[in-house]
Structure formats: structure tokens, C-alpha cells
Amino acid sequence: MEVISRRTFVKLGASAAALSFGGLVSACTSDGTQQAATGSAAASPGAGVKQVVVTMTVNSEPEAGFDPLFSWGCGEHVHEPLIQSTLINTDLELGFVNDLATGYEVSADGMAWTFTLRDGVRFTDGEKLTAKDVAFTINGIINSEAAQADLSSIREAVASDDSTVVLHMTHPDNTILYTLAVVGIVPAHAYDQDYGSNPIGSGRYRLEQWDRGQQVILTANPDYYGPAPKVGRVVVLFMSEDASLAAAAAGQVDVAYTSATLAGQVPAGFSLFSAKTVDSRGISLPSIPAGATKESYPAGNNVTSDLALRQAMNSAVDRDRMIEHVLNGHGTAAHSVGDALPWASADMKVSSNIERARQVLADGGWTVGSDGIMTKDGLRAAFDLYYASSDSVRQALAADFADQMRQIGIEVSPKGASWDDIYPNQYSSPVLWGWGSNSPVELYQLTHSKGWGNYACYDNAEIDAHLDQARAARTVENSYEPYRKAQWDEATQTGVAPQGASTWVWLANIDHLYFQRDGITIAQQKPHPHGHGWSLVNNVDQWDV
């Protein structure tokens, strides 16, 4: 099958709309024959089979293939694995619903989770899916250093019989439900080092073709136990923003991702589809003085370790202005990681108030220096702000933040860099990050003193206790209040909220934008987590093409 390369689209650029691509993708059939392009990328690749062609970011392509034991479906960019089934799933309101499981229960002490499985499920090679496969998958993740899914609170998964699996815990942890909702179950009998390139699953789709660096083609699994997908074939092209726009302009795709900076260039025959997200951009603020080390990296910053300065920046930043200036309105103000989710705290919200920010600085002992920059005990209020130089939106956000902070006498120097250069500075300098998940795991990890994302190096026993209590709650509903108290506890006046430790400045939630071909109906979306890619096609089986 001929493929469209990212290089080809980049080269063609904006002029692509005037060129003919001759149905390179949409006109290819599964048997390799060519059909004349019909003007719709959704043209059937075969009798009675509906197809949709979608572009995704280059980073959406799974480097290790379609292997849940590495990063497919889980990790930084979470989504439903499509090729594999999961024990449970989440609905549009992010409530848990059964998939492979017919039910589950947790022991009174939270140390054992028992799942019962539906009968009659088979992998695409015809073998029956049993509890042994579930145990194999979970134990494989636990024992793999390369696995991105965090199931470290599970000591061992044991198949009691063909339809029952018990997860024995190292400590109570209700957040495993969120992770299990994206962990695809692999076949123990057919798993090897090449599984990522040749996955066998029991999900809605199976892998028809993968051309690395180019495209992935999924076809509906005829033996799927659930409702048959309405879309029989899904073609995903990995390409840059410019190439994605060119592909849409050329009429070769049905849905093309785009960014706020290109969103105004809607091609003829398309409209702009906007998906709400919890994909947040925020700045971590090291809260300890310079001189420490963490994971062998320098840790601490003499400027941002000043509490008054951190609180002042949170009060000064005008998030709404930033969304209009940088995102052209395609976003919402962010005040935490996970705004609007059940565990979000209203106390994280703060409105822009320059005068209050100046007063906080004055009360904290900062005075205006001769160059207009605040000083305190001979220290200038100046620091570098790292951002990924490959991300135009982060670059613009960093520049806008620096411009706003200068109004209160803080000198912020945006510093674009590769991630290889950013990581050594992640504990000693502020970094503009992208985070966001439909799970409280990130709130825990970014806030707990032992969390892998504690870039602020903040350590508070009361906050840790709230977070640990939340994670150990027997139900997820019982975890919401202690999560909120970790953000701000009115009784003890502690938390990471702006009026408290103020360890981050959260800026904006980025809308995920797509050019949507007229006539294509994208099914209602859950809030998209961080990662502009596969979340869109979580429910592609329900689209109307």
C-alpha cells in the first residue's frame, strides 16, 4: 500500500490544496487495489465498509508499538487501547463501567481487588481470553521497568480460576481503577518481544497495517463481543501541524488535528471541532533554596523559594488575557491539574489582581531596584523559565508570562530547550509543563513530597497525609475530599493553593482542535487528557461517516 509521508506534506505546505493526491490513502483497499478518489476520505475501502482517515501528531505514534506492557494506551498519553480490551472502562461522565469484567469488589482492608470476567471472549487468533491472561498482563507491567502504566501498588495478580482474578496490593490504592481502565489485556500464549508490531487482542479493532513514521490502519474485529463498530476501518496519519492542515486542504482526510495558531485556516468543506480537555499548561516553582540535589540533578532556586514571590506571581497572572493572546480563545483558565474533575478544589482558583500581588511582594520584603526589578537582601527577582522549544504554544505562553510578570517587577527569561536539556534543570528552575489526566494520579504525584512529579521539591507532612488518605480510601468517591484538602485545608491553612505553598502557577487548559470534514459526525467526547492524539478516537467505532 502506498503511503503519504510527513515529508511529502511538509514539502507541499500551504500549496497542497491546489494539488491532487490521487486518493493515496483513502482509495487503497485492504487487498492493495486502487480505487478512484471520490472526494471523500471516508469513501468505502470495500463493499459496505466505512472508513475514516484521521491525522495525529508525530508524537502520537507509539514508539514501542501497540503493547500495553510498554506505553500503548497508558503512560503520559492515556487513551483506550482499541486493539485490546480492558477490565473496566469509563463513560462520558468518567464513571466506571465494566468491559471484560462483569463485576469487581475490594476487601474491607483495601488489600485485595477481585474481578470476575465475562465468558466467551476470544482473542483475534481464536484463543479464549481467561483470567490467566489478565494476571499475565498485570504481572508483566509490575515486573517491567519499561512499563509506563503505574500499577506499583499491586504486589501480584493471581488467577483463581478461568473467570476470576485477584489483585493483591502492597497498600490500599483506589487509583488502580483509573489505570486499569486503559490497560489492554494481552494474550499470555502469544506475547513475545515482537508483540508491539504484531498485536493480538480482543478489542474493537485489530491492526491491519503499520508503516512506521507514516500511518496505522485498524480494521474492525469481526469477533468483537460488543456492538459492531460503525466505522470498519480507521486510518491514522502521523504528521506535523502544517502537514495536517495541508492534508485537510487537499481533501485527503476526514479529521485533521490543528493548533490554536492555525485554527483560523479552516479548509473549504470542513468545520472546526473543539474538544474540551484537562490538558493543562503550568509552571513548576522550586520551593527550596539552591544547593540541594535530587536524583543527581541540582535542586532548589533562591528566587522561587521565596513564598511571597510565588504567591505574588499566582495573583498577578491574567490567565484570560493569556488565552486570548496566545490561544485565540481556544482554551480555559487553568488553576490546577484537573480543573472541573471531582477532586478539584475551588480554593485553587485565583483572579488576577496586580495590586494584591504588589502588596504581597512588599509584605514579603521585596522592594523595587534601580532597574525596576524587585530585590530582597541583594537578590534580584529574576529567573530562567524553561520550555520545550519544539512547542510553539509553550513558547508563546512563556513569552506572555514573562511580559506579565515584568509588570510587578519580576524578570522572567524564557529559555527554549530540548527535553534533554530541560530535565537536568527541572528541580532548580521553573519549567513550563503540560499535564492533565482523567485520574487523580497526577495530582498525587505532582504534589506529594515523594511523588515522581514533585518538581517544586515541596515537603509538607499534612499535605502528604491528605494525599495518602485519598489514595487509600475504599471508594474513589471517598477520596475526593482529602484530595481537596491537600490543595487547601482551611482548618490548618495548609495546601498547595495560591494562598498556601503556591508551588505551581497554572495557566491554561488547551482545547484540542480538529478540522472536521462536513458530513462526518464525531461522537461525544470525554474530557481529553494531555496528549493531542488517540483520545479523539476512543469512540471512533461510534462515529457516523
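Select Tyr386 first, then Lys415 in β21: the two are bridge partners. You're looking at a predicted model, so keep that in mind as you click around. Now widen the selection to strand β20, residues 382-388, and strand β21, residues 411-417: seven bridges join them, and the two run parallel.

Five of its seven residues are buried, so the strand is largely enclosed by the rest of the structure.

Next, pick β17, β18 and β19. They form an open sheet of three strands in that order, with antiparallel pairing. At the edges sit β17 (367-368) and β19 (379-380), each pairing on one side only. Zoom in on β17 and β18 (residues 374-376), where two bridges join the antiparallel strands. Select Thr367 and you can find its bridge partner, Thr375, in β18.

**Into the cores**

The largest nonpolar core has 67 residues, and Phe115, Leu167 and Leu180 have the most contacts inside it. Helix α2 (residues 131-142) gives this core its largest share, five residues.

Centre the view on Leu180 and show its neighbours. Leaving out residues up to four places away in sequence, Leu180 touches Thr86, Leu87, Ile88, Phe115, Ile138, Leu151 and Leu167. Then jump to a second, separate core: this one has 39 residues, including Ile283, Ala312, Ile323 and Tyr387.

**A histidine in a loop**

Where is His79 found? Select the loop between β1 (51-56) and β2 (88-90), and there it is. Is His79 buried or exposed? Its relative accessible area is 5%, so His79 is buried, the cut-off being under 20%. Show what surrounds His79: it touches Trp72, Gly73, Val182, Trp534, Ser535 and Asn538, again setting aside residues up to four places away in sequence.

**Last stop: cysteines**

Finish by selecting the cysteine sulfurs. How many disulfides are there? With a limit of 2.5 Å between sulfur atoms, the count comes to zero. Two cysteines to click on are Cys74 and Cys457. Cys74 is buried, with a relative accessible area of 1%, and Cys457 counts as buried too, at 11% relative accessibility.

How values were computed. Residues are numbered from 1 along each chain as its sequence is written. This is a predicted model: local features need pLDDT of at least 70, side-chain atom pairs count only at pLDDT 80 or more; totals for chains, interfaces and linings use all residues. Side-chain values use heavy atoms; hydrogens and water are left out. A nonpolar core is a set of buried Ala, Val, Leu, Ile, Met, Phe, Trp, Tyr and Cys residues joined through side-chain atoms within 4.5 Å. Buried means under 20% relative accessible area, exposed over 50%, partly exposed in between (1.4 Å probe, protein chains only). Helices (H or I, at least four residues) and strands (E, at least two) are DSSP runs, numbered from the N terminus. Contact means heavy atoms within 4.5 Å. Two strands pair if DSSP finds at least two bridges between them.
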